[in-house]
Structure formats: C-alpha cells, structure tokens
Amino acid sequence: MSFLARDRAEIPFGDVRVTGVLFSEVEPVNLAAKIKFMSLIIFLSWPALRHVEAVESGTSVWEQALRAARKEGTVSVYFWQGGNLDKVLQVFQQKHPDIRLAAVGGRGSGFINRIIAEMRAGKHLVDVCICGVTSPYEVLHKRADALESIKSAFILSDVSDPSKWWQGKHHFQDPEGRFIFVYWGRAAATRVSYHTKLVNAGEFTSYWDILNAKWKGKIVAIEPTESAGGWRALYYKPGVGPEFVQRLFADSGVMFSREDRQAADWLAVGKAALGLFVSAIPEAKRQGLPVDEFKDSNFKEPPSLDSGPNGTIALMKHAPHPNAAKVFINWFLSREGQTTYQTIMNTSTDQVESMREDIPKDPVPLAYRRRSGVDYVPMFMPDRMDGAPIIKLFKDTVKR
C-alpha cells in the first residue's frame, strides 16, 4: 500500500509527546516501498524512544537508591568545619528525614589523620568527605588510595550533565578526573591584607611590591607548615613563582605565626603593616579594626580561582552506607543542593560561589563572582597542589 501525508498530531511516548504525521492509505504499492516507509517512521521515532528509556532508567535507579538508602538508615559525612556548612547539612536532614545524618566536623591535617587511623584499625566509618583542599588529594588519594570514583555515584541528570557547570565541564582535583569533585570555585581574594593607616593600597600594582625594602620587618604571615594553601597560590602563580617566595623568605624579615588570631591582632595593632594568608581579616574589618584586603584588581598578575577550605567532595572506599552516600552526593550537587549551599554559606565574612552556572548568583557579592573573559588560574589543579617544595624552601631558608 502507499501512504499520503494528511495531518500532523502529537503521539505520546511515555512522558514525552512527539509531533508526528498521520498518513492515510491511498493506493497499493510494492513491498519494498512499504518497508522503506516503515523504517523511516522507526528512524524518526528512535530519539524520542531512547529519551524515554533514559528518563525512565534514571528515575528507576534513583528510586532504587532512595529505597536502599532508607534501609541503610544513615549517612556518615566528615566535613571541614567552617562557615555555615553544618547548617547546609541540616537542610539535607530535613529533606531526607528517613536517612540519619551523622556529621563529624574538624579542621587541619589532624582531621584527615583521624580518618587514616580509623582505616588502619579496620574501621571504615566515613561515607563522604568534604575535607578541604590539599589533604584529600595528597593523603586520601595519593598515599592511602582511600577514595572511590565519585563519578560512579552521579545519578541525577542535573548532576551528571557537564553543561550545568563552569566552562561546561566537571572539575576534579585528581588528574584521573574521577575522585575529588570541585563543586565551588571562587574568584579568590588575594589574601594579602594591610593596615589601612600604615599602607596606601594605591601604591601596589604587583605582588612584587610586597618585597619593597620599606616593608622589611613589617610583614606577618601564616607559617606554610601550618597552612600551605595561600603559599601555593604565590608559588604556582604565573608572574610570581618560586623566586618571589624565596626572596620573601630570605630578605623580608617576615614575622611568622601559626595562629591566625595572633596574626590578625599583630596587623590590627600596627605591629605589622602587611599580612599574608590571615583568614580573620574580614571579621576584624567588620568589627571596625583598621585592616583590609587587596583586591585582585590591585595586582597585574592573573587572579586565582580557589575552592576554599571545603569546596571539594569525595566518596570513600568501603563506604558503610553506599546508597545513602549516593543520595547525599546527588542532593548536595543538585541544583537545589547547590542553591541551598550558596545561599547559606555567603555571609558578611565568608563568600563562596558554586561551580554550577544554572543557579542564581544573587547571594554572591559582586566582587567575589567569577567574571566572564577573565583567565583565572585554578589553584585546585593537581600540578598546583603540591606544598612540599614550599615547605622545603621555608625550612631551608628560614629555619636553617
């Protein structure tokens, strides 16, 4: 038989409606023409059928994970305790009351060492780790081989779809691109602070201006053996690098401190005029003390993009609650989860920006938002993660 197009109609395929064409029989034709026509119909319908299959499959996997997670009853999340992250985790608990959230907060290398000690004792207590920047890569991944592929946990399409994220791709700390997911990237503050009555910020156009002889003996810095994150930003930044750091260590008479509060006090009272990597500056400024931070526009060198102290997430090997871990990860990285995170985490003293590009940016102060057309230097990349050369240089130069 032969067919002639007569009208257009919507043909339902599950939850999808496909616009198709209705045909009516007009005259007989040979079998070959009939087969060719039916093949064409199948070909045109195939993308819609595949989409329905994918949607139904994804929904099925998610529902199975939810059921299994509720049966497990608990998810264990270790997190770097800072900002309002604990409040974000509470929202997950409200969203999923059938999955008890066992959240353990901590800071510094001692926090990671606790996880390693538990593992060596044969205790696998952690499902998900939101554990900072350096330690997850250097300790949990490289040394302990303690991480499972987090990509295997992505179930929801709005998490697994790279187009939803900055630069249209997923970002990872590890070179394999599988284990340590970077979920927020802030246009980094310079982390160079100053006493507003002792320093004219307009005199600075480059990081190299810090080495001016007039500031010798007037710089306070957090010791790199205490926190290497800010030092990495200098050491690996194009146009700054190892030579700058070596001269800073050797020639500038830096006053080193392992206590952030102490360093902030020294700057606030004028014992120091410049500060490096002092985290308490925004809070001190809010209290009316004469301190401030240089903006990246003060310096000609390219700005950094950092993931802060808790901007990565990893899935532990031998997770005791693997399905609950998947549910937590998918909620946390979803549009809803990251909108919640970005809204709660942004305060007068702390600024974050999710790597998701499809959520409102209103909570992020304009000065801390990523700007289109800017060539940022991502500090979370593996080739910029190694703090060992900085610590060696510090010990060789300062503590010899």
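## Ground rules

The model is predicted, so local features need pLDDT of at least 70 and side-chain atom pairs count only at pLDDT 80 or more, while totals for chains, interfaces and linings use all residues. Residues are numbered from 1 along each chain as its sequence is written, and side-chain values use heavy atoms, with hydrogens and water left out.

## The chain as a whole

The chain has twelve helices and 16 strands. Both kinds of element are DSSP runs numbered from the N terminus: helices are H or I with at least four residues, strands are E with at least two. Of its 400 residues, 48% count as buried. Here buried means under 20% relative accessible area, exposed means over 50%, and partly exposed is in between, with a 1.4 Å probe and protein chains only.

Two strands pair if DSSP finds at least two bridges between them.

Tyr 194 is opposite Leu 274 in S12.

## A three-stranded sheet

Another open sheet has the order S8-S14-S16, again with mixed pairing. Its edges are strand S8 (186-187) and strand S16 (377-378); each has a single partner strand, so one side of each is left without a neighbour in the sheet. S14 (residues 304-306) and S16 run parallel, with two bridges between them. Ser 304 has Val 377 as its bridge partner in S16.

## Aromatic rings

The whole structure holds 22 aromatic pairs. Rings of Phe, Tyr and Trp (its six-membered ring) pair if their centres lie within 6.5 Å; planes under 30 degrees apart are stacked, over 60 edge-to-face, and the rest tilted. Phe 249 and Phe 394 make an edge-to-face pair, 5.5 Å centre to centre with 70° between the planes. This pair links distant parts of the chain, with Phe 249 in helix H7 (residues 241-251) and Phe 394 in helix H12 (residues 388-397), 145 residues apart. Phe 249 is buried at 5% relative accessible area, and Phe 394 is buried at 0%. Phe 294 and Phe 299 form a tilted pair, 5.4 Å centre to centre with 40° between the planes; both of these residues are buried.

Phe 92, Tyr 183, Phe 328, Trp 331, Phe 332 and Tyr 341 form one aromatic cluster. There are charges over rings, too: NZ of Lys or CZ of Arg must be within 6 Å of the ring centre and within 35 degrees of the ring normal. Lys 271 lies over the face of Trp 266, 4.0 Å from the ring centre, and Arg 356 lies over the face of Trp 165 at 5.1 Å.

## Loop residues

The loop between helix H5 (157-160) and strand S7 (180-182) holds Gln 167, whose phi is near 65°, a positive value in a residue other than glycine. Gln 173 lies in the loop between H5 and S7 and is buried, with a relative accessible area of 0%. Leaving aside neighbours within four places in sequence, its contacts include Val 133, Tyr 137, Thr 312, Phe 380 and Met 385.

Phe 277, in the loop between S12 and H9, has a positive phi near 65° and is buried at 5% relative accessibility. Gly 288 is in the loop between helix H9 (281-286) and S13, and counts as exposed at 63% relative accessibility. The C-alpha atoms of Gly 288 and Ala 268 are separated by 10.0 Å, with the two residues 20 apart along the chain.

Key:
Contact means heavy atoms within 4.5 Å.
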